[in-house]
Amino acid sequence: MSSRPELQAPPEIFYDDVEARKYTSSSRIVGIQAELSERALELLALPDDDVPRLLLDIGCGSGLSGETISEHGHEWIGLDISKSMLDVALEREADGDLILGDMGQGLGIRPGVIDGAISISAVQWLCNADKSCHEPRLRLKAFFGSLYRCLGRGARAVFQLYPENNAQRELILSYAMRAGFAGGVVIDYPHSSKKRKEYLVLTCGPPSMSTTTPTAKGEDENICSDDDGSEDEENQTVCISDRHRPRKKQKITKKGKTKSWVLQKKEKMRSKGNVVPPDSKYTARKRKARF
Amino acid sequence: MLSSNIKGVINGFPLRIEVEKVVEKQVDFNPDFLKNMFSKIDWKALADASKIMGYAELPEEVPDASVLDSDEFLQKFHHALLELHLEEGALVCPETGRRFPVNKGIPNMLLHEDEV
């Protein structure tokens with residue numbers, strides 16, 4: 001079984017009642033979420049004048065990240081696709097307003113009202129096609145387009161995300177750029193496999209001093225601001241999500257090719273119409289050494 | 001709060017509110033936030049929305065920025081914007097008539113496959 005929740009089920013199904021409760025009651029996850037949202041708020045770089053802002057939390061889940069926003073004295077609106085998660089948020093008496101919605105369908109918020117957006121571990125879900133009508137590219141386009149409209153001028157959006165691979169990262173970034181955002185990826189602790197966290201920092205409006213990407217934590221040469229994007233992503237195939245086990249695990253055991261493997265292979269060849277010797281008790285046996 | 005401002009205008013038009021139950025919640029009064037929000041709000045949508053939800057104290061026409069200094073006005077604004085919550089009901093798109101049900105204060109904005 002893959003450890004990535006994205007590969008197991010669509011978000012509204014994966015985060016059911018049980019999973020939502022488990023997620024929120026795990027002190028480890030609560031800690032990580034608080035840390036991530038703290039950092040995301042820092043990257044958001046709101047003006048330091050104690051005026052409460054209206055922020056948007058995309059994929060707010062049970063309101064863990066919203067809690068951090070409230071602690072900083074800002075108001076927030078949370079959007080999530082999982083009803084169970086929002087129910088938990090209600091139980092926890094989250095301060096923000098909650099909307100049940102799908103970010104891939106656009107945000108549906110009036111233009112220019114939001115002062116900033118954060119999203120913790122959510123945007124990579126957009127790269128999955130969970131229903132036949134889902135087309136990751138269109139969904140990314142709808143999401144970034146509507147986000148760009150609802151943000152005020154000069155507002156920032158910070159997404160913490162776990163891209164599955166480089167192609168996914170580039171895909172997300174290129175759609176953000178197309179929507180008109182400026183910005184790049186900030187990677188904290190790039191050399192640590194566990195602490196490594198990626199943040200996509202986007203700024204609305206024309207490039208200026210304020211659009212420079214902030215420095216990452218934990219390393220010196222770590223900002224990879226690939227603003228150039230990839231021009232020809234039309235041609236490249238992005239591995240969207242295969243729900244199979246990694247290739248290596250499917251392979252044969254150390255002993256070599258087992259009988260079942262050979263039989264399977266023969267069956268496959270037969271189905272292709274190749275000439276395959278019939279199965280017998282000698283199939284997949286080792287030859288004697290003297291032969 | 002969403003139940004009276006942002007929901008105001010999706011698809012370019014204010015959503016109509018169908019009220020089944022409104023609750024009022026105490027929220028801390030914060031003038032700075034209100035001043036920040038004032039310029040972003042479609043005043044007519046807010047005034048209409050709060051009237052539907054049973055609070056008719058807001059002026060019909062758009063007040064100019066000078067009212068922001070009056071404490072009384074800010075209190076009203078605060079009440080309409082932050083303390084009125086639509087608990088049960090629906091938001092209706094004026095253009096297509098599509099209903100978005102509101103349960104426990106959470107509007108369900110999910111679209112069907114054919115509406116995307």
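## Architecture of chains A and B

In chain B, 28% of the 116 residues are buried, a residue being buried if 20 or more other C-beta atoms, placed from the backbone, lie within 10 Å of its own. The model is predicted, so local features need pLDDT of at least 70 and side-chain atom pairs count only at pLDDT 80 or more, while totals for chains, interfaces and linings use all residues. Residues are numbered from 1 along each chain as its sequence is written, and chains are lettered from A, with ligands numbered from 1, in the order in which they are written.

Chain B holds three helices and six strands; helices (H or I, at least four residues) and strands (E, at least two) are DSSP runs, numbered from the N terminus. Their order from the N terminus is β-β-β-α-α-α-β-β-β. Of the contacts in chain B between residues at least 6 apart in sequence, 72% join residues at least 24 apart, a contact requiring C-beta atoms, placed from the backbone, within 7 Å.

In chain A, seven strands form an open sheet of mixed pairing, ordered β3-β2-β1-β4-β5-β7-β6; two strands pair if DSSP finds at least two bridges between them. Because β3 (97-100) and β6 (182-188) of chain A each have a single partner strand, they stand at the edges, with one side lacking a neighbour in the sheet.

Two helices of chain A lie across strands of the sheet; angles run from 0 to 180 degrees between N-to-C directions of axes, which are lines fitted to C-alpha atoms, for helices over the stretch in contact.

| Helix | Lies across | Angle |
|---|---|---|
| α3 (residues 27-44) of chain A | β4, β5, β6 and β7 (197-203) of chain A | about 145° to β4(A) |
| α6 (residues 136-150) of chain A | β4 and β5 of chain A | about 140° to β5(A) |

Key. Buried ≥ 20, exposed ≤ 12 C-beta atoms within 10 Å, placed from the backbone.
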